[in-house]
Amino acid sequence: MSRGTIRQILLITDGCSNAGEDPVAMAAIAKEEGLCVNVIGILDDDDENERGMSEVNDIAAAGGGMSDVVYAKALSQTVQMVTKKGMTQTIHGVVNREISQILGKDQEMEDLAPEKREELMEVVDELGETSQLDMVILVDTSASMRNKLPRVQEALLDLSLSLKSREGENYFCLYSFPGKRNPVEKLLSWTPQLDSLKGAFKKLSTSGVTPTGPAIMEAVKLYSKRMKKGVTNDETAFIEESGQ
């Protein structure tokens, strides 16, 4: 764990939560717990869901993550892009906080001399490739997502393939919301093999409710349990690795 762990929540939804806690408030709690909440909003060709897409952006902003809104056919490329940008953003944040502690609270990487900034960018790139990635994937299975779920499974399998080229370890778990009996349902426990989800989406049932807030809160609880099993402090690990 000497290179730290990047912890992400990847939320895939078409927006418009309508059950449980406010998802924006839950994303803010996740950020306070050191998690990055990335959100991808999915549109159909004839969708004009302004409220849902606004919610997508608000959740990501509160959770310190990235957001993007795409049509289902472009989902695979977007999942990969948002995941990798979210990783880089997390590392940037850690490095900038350390710079602020050394040089003053208003100083960031962009304020450094060009040669020092270039050196730190190399560190950021290296950590993005070598740090462990832990990702809780939350998939909206409300009624409006029914026809989009095959694209979601395809995108997640492509993500698994794209991340295999990293030097660092990758661990995933997958939850759907709503579940058959509860607001949130586990589909896949923590595993380095995301391709083991093949066929999982065929078993899903869709519902009219969208408990996005409870789903984010469940992810926070999952990470809390995982941290209690002996995960080291991320920021200390990142800072030691960057030689600050």
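Analyst: A residue is called buried when its relative accessible area is under 20%, exposed when that area is over 50%, and partly exposed in between (1.4 Å probe, protein chains only). The model is a predicted one, in which local features need pLDDT of at least 70 and side-chain atom pairs pLDDT 80 or more, while totals for chains, interfaces and linings use all residues. Residues are numbered from 1 along each chain as its sequence is written, and side-chain values use heavy atoms, without hydrogens or water. By the definition above, Lys148 and Asp14 are both buried.

User: What makes the contact of Lys148 and Asp14 a salt bridge?

Analyst: A salt bridge requires a side-chain nitrogen of Lys or Arg within 4 Å of a carboxyl oxygen of Asp or Glu. For Lys148 and Asp14 the N to O distance is 3.4 Å, so the pair meets the criterion. Lys148 sits in the loop between β4 (132-140) and α5 (149-163), and Asp14 in the loop between β1 (5-13) and α1 (23-32), so the bridge ties together parts that are 134 residues apart in sequence. Helices (H or I, at least four residues) and strands (E, at least two) are DSSP runs, numbered from the N terminus.

User: How many salt bridges does the whole structure hold?

Analyst: The search finds 3 salt bridges. One of them joins the side chains of Asp134 and Arg226 at 2.8 Å, N to O. Because Asp134 belongs to strand β4 and Arg226 to helix α6, this pair ties together parts 92 residues apart in sequence. Glu154 forms another with Arg151, with the closest N and O atoms 3.9 Å apart. These two residues are 3 positions apart in helix α5, so about one helical turn separates them.

User: How do you know whether Asp134 is buried or exposed, and whether Arg226 is?

Analyst: Asp134 has a relative accessible area of 1%, so Asp134 is buried. Arg226 reaches 18% and therefore also counts as buried.

User: Why are Glu154 and Arg151 called partly exposed?

Analyst: Glu154 has a relative accessible area of 40%, which means that it is partly exposed. Arg151, at 35%, is therefore partly exposed as well.

User: What makes the group with Lys186 and Lys221 a positive surface patch?

Analyst: The patch is formed by Lys186, Lys221, Lys225, Lys228 and Lys229. Patch members must have over 30% relative accessible area and no salt bridge, with like charges joined within 9 Å and nonpolar side chains (Val, Leu, Ile, Met, Phe, Trp, Tyr) within 5 Å. One member, Lys221, lies in helix α6 (residues 212-227). At 46% relative accessibility, Lys221 counts as partly exposed.

User: How is Asp58 placed: buried, partly exposed or exposed?

Analyst: Asp58 has a relative accessibility of 38% and so counts as partly exposed. Asp58 lies in helix α2 (residues 50-62). Its C-alpha is 9.4 Å from that of Val39, which is 19 residues away in sequence.

User: What is the peptide bond between Phe177 and Pro178 called?

Analyst: The bond joining Phe177 and Pro178 is cis, with omega about 0 degrees. Pro178 is in the loop between β5 (170-177) and β6 (185-191).

User: Which values describe the chain as a whole?

Analyst: The chain has 7 helices and 6 strands, in the order β-α-β-α-β-α-α-β-α-β-β-α-α. Of its 244 residues, 50% count as buried. Taking contact as heavy atoms within 4.5 Å, residues 24 or more positions apart account for 80% of the contacts with a separation of 6 or more.

Definitions and conventions:
Accessible areas come from the Shrake-Rupley method with a 1.4 Å probe; for residues, only the protein chains shown count as cover. Lys and Arg count as positive and Asp and Glu as negative; His and the chain ends are not counted. The place of a charge is taken as NZ of Lys, CZ of Arg, CG of Asp or CD of Glu.
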